[in-house]
Amino acid sequence: MSHLLVDEFDDFFQKIQLGEKQADRIQSAVDALSEYLIKYYSLGPDDYFVQGSFSTNTVVRPAPSKDGEYDVDIVLFSAEPDFTPDEAIEDLEAALTTNGNYKDKIEKDDKIPCVRLRYADEHKAKFHVDIVPAKSNPEGTIEVPRRDGNWETSSPRAYTEWVLSVADRH
């Protein structure tokens with residue numbers, strides 16, 4: 001009975017995991033994008049990070065009933081201290097518009113508090129990257145934009161570190 005359960009789980013896991021070609025394509029896009037933004041904003045290596053399921057190695061294949069798209073989230077410390085959330089998003093969008101690789105990938109959506117880049121369905125890896133302009137605050141957390149005109153305190157890096165530490169223990 002236990003071998004059957006293990007086999008069933010292995011089969012299920014194979015069906016939901018991100019394939020090597022897909023993971024490589026997404027990682028390549030994230031690396032190139034990060035390199036460009038770090039250079040554009042003259043940022044240090046700690047001034048951006050990937051968050052969410054891609055960073056915690058918990059990304060799974062999207063359900064067929066959904067849009068069939070992977071998503072990657074990047075937090076970028078690009079917002080000036082006196083920027084409003086809309087100004088921070090507009091500044092990031094302008095930075096991406098100046099690069100021919102990203103200009104046509106920008107998806108306009110006034111409901112999301114980030115800049116979204118949509119990548120074509122290449123190698124069965126249809127995905128988008130959400131880039132969140134952030135700023136540090138004195139409490140050691142970060143502030144991320146909301147479309148209601150306010151900044152929200154968040155700790156995505158600490159959450160990612162916690163998820164990875166829990167995974168390491170199991």
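This is a predicted model: local features need pLDDT of at least 70, side-chain atom pairs count only at pLDDT 80 or more; totals for chains, interfaces and linings use all residues.
Tyr-36 is buried, with a relative accessible area of 17%. That places Tyr-36 below the 20% cut-off for a buried residue.

**The tyrosine cluster**

Tyr-36 has a ring partner in Tyr-102: the ring centres are 5.7 Å apart and the planes stand at 40°, so the pair is tilted. This pair links distant parts of the chain. Tyr-36 belongs to helix H2, while Tyr-102 belongs to helix H4 (residues 100–103), and 66 residues separate the two. Tyr-102 is buried, with a relative accessible area of 5%.

How many aromatic pairs does a search of the whole structure find? The search finds 5. One of them joins Tyr-36 and Tyr-40. This pair is tilted too, with 5.8 Å from centre to centre and 40° between the planes. Tyr-40 is partly exposed, at a relative accessible area of 40%.

Tyr-41 also takes part. Ring pairs link Tyr-36, Tyr-40, Tyr-41 and Tyr-102 into a cluster.

| Pair | Centre to centre | Angle between planes |
|---|---|---|
| Tyr-36 and Tyr-40 | 5.8 Å | 40° |
| Tyr-36 and Tyr-102 | 5.7 Å | 40° |

Phenylalanines come next. Phe-13 sits in helix H1, which covers residues 2–16. Is Phe-13 buried, partly exposed or exposed? Phe-13 is partly exposed, with a relative accessible area of 38%. Patch residues need over 30%, so Phe-13 passes that cut-off with its 38%.

**The three-stranded sheet**

An open sheet is formed by 3 strands, in the order S6-S7-S8, with antiparallel pairing. Which strands stand at the edges? They are S6 (135–136) and S8 (151–154). Each has a single partner strand, so one side of each is left without a neighbour in the sheet.

Strands of a sheet pair through backbone hydrogen bonds, either parallel or antiparallel. S6 pairs with strand S7 (residues 142–145) in the antiparallel sense, over 2 bridges. Lys-135 has its bridge partner in S7, namely Glu-143.

Technical notes. Residues are numbered from 1 along each chain as its sequence is written. Side-chain values use heavy atoms; hydrogens and water are left out. Helices (H or I, at least four residues) and strands (E, at least two) are DSSP runs, numbered from the N terminus. Buried means under 20% relative accessible area, exposed over 50%, partly exposed in between (1.4 Å probe, protein chains only). Rings of Phe, Tyr and Trp (its six-membered ring) pair if their centres lie within 6.5 Å; planes under 30 degrees apart count as stacked, over 60 as edge-to-face and the rest as tilted. Two strands pair if DSSP finds at least two bridges between them.
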